[in-house]
Amino acid sequence: MSRKVPSAAESRLALVRRARRINRILAETYPDAHCELDFGNPLELLVATILSAQCTDKRVNMVTPVLFAKYRTAADFAAADRAELEGIIKSTGFFRAKANSIIGMAQALCERHEGEVPGKLPELVKLPGVGRKTANVVLGNAFDVPGITVDTHFQRLSRRFGWTTETDPVKIEHEVGDLIPKSQWTMLSHRLIWHGRRICQARKPACGACPLAALCPSYGTGPTDPDEARKLVKAGPFS
């Protein structure tokens with residue numbers, strides 16, 4: 001494979017071009033990339049995203065059918081019996097803290113927004129248990145408002161790609177946002193998350209099977225032999 005690894009002296013223009021090329025290749029590689037949490041409305045996505053902290057989407061999706069059948073509105077969650085709610089969500093981990101966040105968030109929705117999930121970032125992040133990552137998930141997937149979701153996969157890949165050297169999620173969000181057109185932010189988030197789960201894993205990325213090898217300054221972090229690398233590729237779905 002012919003490789004042109006970006007140098008330490010990469011210009012701003014070259015960085016932008018490389019970032020957008022990576023985004024295009026990821027779009028071709030993962031044409032079906034999407035949020036892997038199951039939801040039917042903004043409230044359900046907000047609750048599911050709170051539950052997804054330190055938990056797999058697959059586990060959350062096993063819990064939410066029962067949860068959403070019992071609690072259908074913000075008022076239902078706000079008035080939930082804490083012990084009963086904790087029992088339903090226990091398998092997602094940190095269930096007491098998550099129950100506090102869900103009940104507090106729902107009460108705030110009822111008090112401030114007539115029970116409806118707001119579609120603006122400043123209002124979302126004021127809700128209990130809702131940070132920028134959660135807010136951007138909801139905005140991008142329930143309201144079609146572009147947002148960058150800086151989860152652990154996004155952080156890892158954006159640094160491996162040389163898009164940022166930051167570790168603070170907010171700074172990463174802004175730096176990467178300056179490289180990619182705003183209209184692409186939500187889909188970029190999905191693509192990086194999918195790529196991080198399937199190929200560019202934390203401990204041993206499948207470099208030799210990666211479609212981005214020619215553009216990645218971290219090529220060689222994992223095995224470069226194609227046969228060995230292909231064994232590391234994980235098949236989805238991860239929902």
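At roughly what angle do the axes of helix 2 and helix 3 cross? This is a predicted model, in which local features need pLDDT of at least 70, side-chain atom pairs count only at pLDDT 80 or more, and totals for chains, interfaces and linings use all residues. Residues are numbered from 1 along each chain as its sequence is written, and side-chain values use heavy atoms, without hydrogens and water.

Select residues 42-51 (helix 2) and 57-70 (helix 3): their axes come within 10 Å and cross at roughly 135°. Helices here are DSSP runs of H or I, at least four residues, numbered from the N terminus. Axes are lines fitted to C-alpha atoms over the stretch in contact, with angles from 0 to 180 degrees between N-to-C directions.

Now select Val47, Leu67, Phe77, Leu85, Ile89 and Met105, the residues with the most contacts inside the largest nonpolar core, which has 38 residues. Such a core is a set of buried Ala, Val, Leu, Ile, Met, Phe, Trp, Tyr and Cys residues joined through side-chain atoms within 4.5 Å; buried means under 20% relative accessible area with a 1.4 Å probe, protein chains only. Helix 6 (95-112) gives the most to this core, eight residues.

Apart from this core lies another, of 30 residues, including Ile25, Ala33, Phe154 and Trp163.

Definitions and conventions: Helices (H or I, at least four residues) and strands (E, at least two) are DSSP runs, numbered from the N terminus. Buried means under 20% relative accessible area, exposed over 50%, partly exposed in between (1.4 Å probe, protein chains only).
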